[in-house]
Amino acid sequence: MNKHLFFFWILVSFLFIPSLYAQKKADTLAASINYKTADSLLKKRDFNTSVLLFNEVLNVYEKTSAFKKIADCYYKLGKCYEESLDYNKAQKFYEKSLKLKKEKLPSNHESISISLSSLGRLNFIQSNYKTALSFFEEALKVSLKAHKETDQVIGNRYNNIGLCYYNLGDLHTSLKYLEKSLNIDIKSLEENHINIGFSYINIGLIYFDLMQDEKAMMYYQKSLPYFVKNDYNKGLLGVYNNTGNILKSQGELNKALNYYQKSLAITLEYFKEDVSLLSLIYMNIGNTYGMLGAFDDALIYLNKSLEYYKTILDKNHDKIAKLYDNIGSLYSSKGDYNTALKYSKKGLTIQEKLGNHLETAYSLKLLGELKYKYEFYDEALFYNKKGLKLTQKIYGATHLLTSNLHYNMGITHYKKENYKTALKYLDSALISNSKNAAANKSKALNLNNYFDHQLLLKTIHKKAQTLQLQSIQNKDNKQLEQSATLYYQADYIIDYIRESINNHQDKLVLAEQAKAIYADAITTHLLQYKNTTEKKHLINAWHFTEKSRSNTLKDLLNDTNAKNFSNLPSELLDFEKSIKSDIAYYQSQIVAEQSENTLDTDKIKSFENELFTINQKKDSLIKVLKKDYPKYYQLKHKTESFSVKDIQDKINNRTTVLEFFSTKSKIYAFTISKNDVSIKELTISELDKKIERFNTSITSENLNDYKKIASVLYQELIKPLDKKLIGDELIIIPDDILWYLNFDLLLTNNNNKNSRELPYLLKKHAISYSNSADLLFNPIIKNTSESKTLKKCLAFSYSNAPSTKKSNKNSVSPANDIKEDLPGARKEIDMISKIIDGQYYYGVNAIESTFKQNVEKYNILHLALHGEVDNENPENSKLFFTKSKDTIEDDILYNHELFALNIPADLVVLSACNTGIGEIANGGEGIMSLGNAFQYAGAKSLLLSKWEVHDKSTPELMKCFYSNLKKGMNKPKALQQAKLKYLANTEAFYTNPFYWGKFLYYREYRCYKFKKQFK
């Protein structure tokens, strides 16, 4: 479980208030001395002696009726007992002090407010947040009578009220009070006062819980200087730990580990006696290693956490039980079933001893899931059934744990092929996840009726799978139709969940989950097609193939273009984003509350009311956007349906679209031409190894091996589709490992011809690539008369060699010690400059800052630079510009920087090495290459390299490519003909595919008119 290091900075003003009334002379010097001594002992934490002395002093003052001194003694005794954790006695003395003050002092006296605040703090410590809030609010009323609203005392009161609302789950009200407190702190305190740091970090924690990570991070960073300047190490470790939490939630696990290790270092140096704190940090580090798949490291840290907790907690404590569960899960991930079982049973035993029914049921659920994973299905049913019986006894039919256990029973019976029983449990899972069981009978899916949408998605998916297999078993087409209907419902749920996610990493996780669902949906529709031969089922199968494509990219492009082209005020953008975060937050709170040991129906109702109000705000905002900002509305909420017919209307008779969809066991190949749509199911063994062999044979220039494997791959991937590939233009939409394949280098047969004469697929088809048919034929930005007119070509050449030839931008670069010179790059840019007008930057002018200043202004970008791909962290892949003395830019352009740029270019040519390679993102998101980042920034088409560029072949290919564009060829044809011309005319040595086959074209369908751009 992910936890904050949350420090409750409850602020109470301790003022010495002189009495408004004369005291009797019996207030002796001895009592006064003893009072000061007792107070000093309290500060030194010698509570027993302090209590004795305060009681002696109290006896003296009670005899003289010195009410002010009596009230002070009561207050100090309360403080002694609070510090020694005897909260009952503390409350008794705080109440006595408050009662006396209310009787004797004016109602606006600050001493009354201080006592009220102390009672608030005491209840806050004991998690009595409603009671604490009532004391803090009363304290505020008193202080407002005695002070200006801008006084520091009022800021303290606002802070305390804000923290109560936080713990009561009302984050927006909490935020309102904490922001008031911060504003007062900034105005009333000295510049570096630590209270300002406290306010910043508290606000950051609220934004984190509201799922607004950017704002949370901003406030954490603002708090940091205050803790540094005040040498407050506990604040520093809190910032580092909580920053780690944000990075972990965003999927940046290595960065998160770095911050957790920083917090651990501070703890070990300054707070090593704080065992609870150490245990928490070790747990955070262990869980993060687990998420990285580094299970051995994860176990080291979780075991450290466990050992520390054992020194301060009872061996049967709930936290120890949960650590056993976590450790068991890690051993399960390592494939060590016996050890996983041992730890899981330890966790269960503790929960049973504690009599904690909810946690016992959770432990039974985990054991059931462990047995299920290792295919002990009968034992899995035993544990899940036991947990289900316990949960139903406590909570009845409607509870999320009940729903989860019904789901587990359902999927286990599914594995045992008891489909009828599986469906019964899956239906029960839907009912126990719903707010109104009767609504499940409705054919229309109302997502507002369900608590947990992720669980709903899993249940609908498994029910659809079960009906599909049952239909085969029973030869019942009606059940197959029901399965198909459920997959459309699952698709609707996926879209809904995606809309509520702000986090990029979470979207990638959802994309992977969605792809598995879409794969099963395709199977169902193909079974319908097989049974009926109706084309509509084939088209429905293609629909789910396309739904799996590049959804994260589409979302980012929609969002970026909507902001760039709609002139929407930033206030509305922020409001829209906050609504999205609020919906996600309150939905998660409902799920969390439904999972609690004791259901708080009032709190759930409160969250549902908030959700209803926020959805009303969302509806109102959409009406405003639709009316006042129609362009933004159309771009951001693009809902046009896109079909096979739409593609057929846009392509000519010479073009075929070939779209692949990969699963673990097979590949579906869809072909769409002007008058036909078809599908072929391909089963290819060890495809990843064959593609790796194919690429290695090219880059190692092993022509004999290349001929063999290129022919094999053609026979397995393309030959079965050959008759459906109509025309000479082929648009390929790859999937999974196929992103690593240059299709135009496949050989239609294996012969002994030399490399110039080989039967490349390139000779039959001009091949281009796309992320998805939707992005290709239904672009985010349409051509309109309002589109901004861009300049011609912007080109950069990385070069350390002195230049003797002048160009549009004259410069000579000194030696650069970062990267080797690219002698072919200057030649390449010189050749292009003779064909197309533009700005060409060489040497010392080819720097990053110049690129960023001009990138929005040009229609063509050509970058002949060094490239470097980081497969571990794709966001850190980079292009190298010439090194300069710029104090702002480092002349290294990272992928993550590109995400923040607006690049409206029609064509981006990255003739650096390896710009088209990278890790394949799960879930149909394509390849995470340098080129992919330019797409995220808005580039419409790309020319990328798959391996090292060569100084001889690249300039010639680029010259021919741009010359062909000048002649009026479209870009795929221009690239095809450039390769063929090079192949026909170059020396024999350079005809090997390594020298000319590296470039691929990634396209959008519309053809840009270049005629006015060329000399």
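Which backbone oxygen does the side chain of Thr-267 reach? The side chain of Thr-267 reaches the backbone oxygen of Ser-263, at 2.7 Å. The structure is a predicted model, in which local features need pLDDT of at least 70 and side-chain atom pairs count only at pLDDT 80 or more, while totals for chains, interfaces and linings use all residues. Residues are numbered from 1 along each chain as its sequence is written, and side-chain values use heavy atoms, with hydrogens and water left out.

**The chain as a whole**

- The protein chain contains 39 helices and 16 strands; helices (H or I, at least four residues) and strands (E, at least two) are DSSP runs, numbered from the N terminus.
- Of its 1015 residues, 56% count as buried, a term that means under 20% relative accessible area, with exposed meaning over 50% and partly exposed in between (1.4 Å probe, protein chains only).
- Contact means heavy atoms within 4.5 Å; among contacts between residues at least 6 apart in sequence, 70% join residues at least 24 apart.

- Strand S1 (residues 655-662) runs antiparallel to S2 and is joined to it by 6 bridges; two strands pair if DSSP finds at least two bridges between them.
- Val-657 stands opposite Ile-672 of S2, and a hairpin of 4 residues links S1 to S2.
- Strand S3 (residues 676-682) is also antiparallel to S2, with 7 bridges between them.
- Phe-670 has Ile-679 of S3 as its bridge partner, and 2 residues lie between S2 and S3 in their hairpin.

**Helix H14 and its cover**

- Helix H14 (residues 295-312) has 18 residues and reaches 26 Å from its first C-alpha to its last, close to the 26 Å expected at 1.5 Å a residue; the expected span is 1.5 Å times one less than the number of residues.
- Buried residues of H14 include Ala-298, Leu-299, Tyr-301 and Leu-302.
- Among the elements that cover the buried residues of H14 are helix H12 (253-270), helix H13 (275-292) and helix H15 (318-333).

**Thr-267 in helix H12**

- Thr-267 lies in helix H12 and counts as buried because its relative accessibility is 0%.
- Leaving aside neighbours within four places in sequence, Thr-267 is in contact with Leu-237, Lys-272, Leu-277, Leu-278 and Ile-281.
- The C-alpha atoms of Thr-267 and Asn-233 are 8.4 Å apart, although 34 residues separate them along the chain.

Note on methods: Polar contact = N/O pair within 3.5 Å; in protein donor to acceptor, adjacent residues only side chain to side chain.
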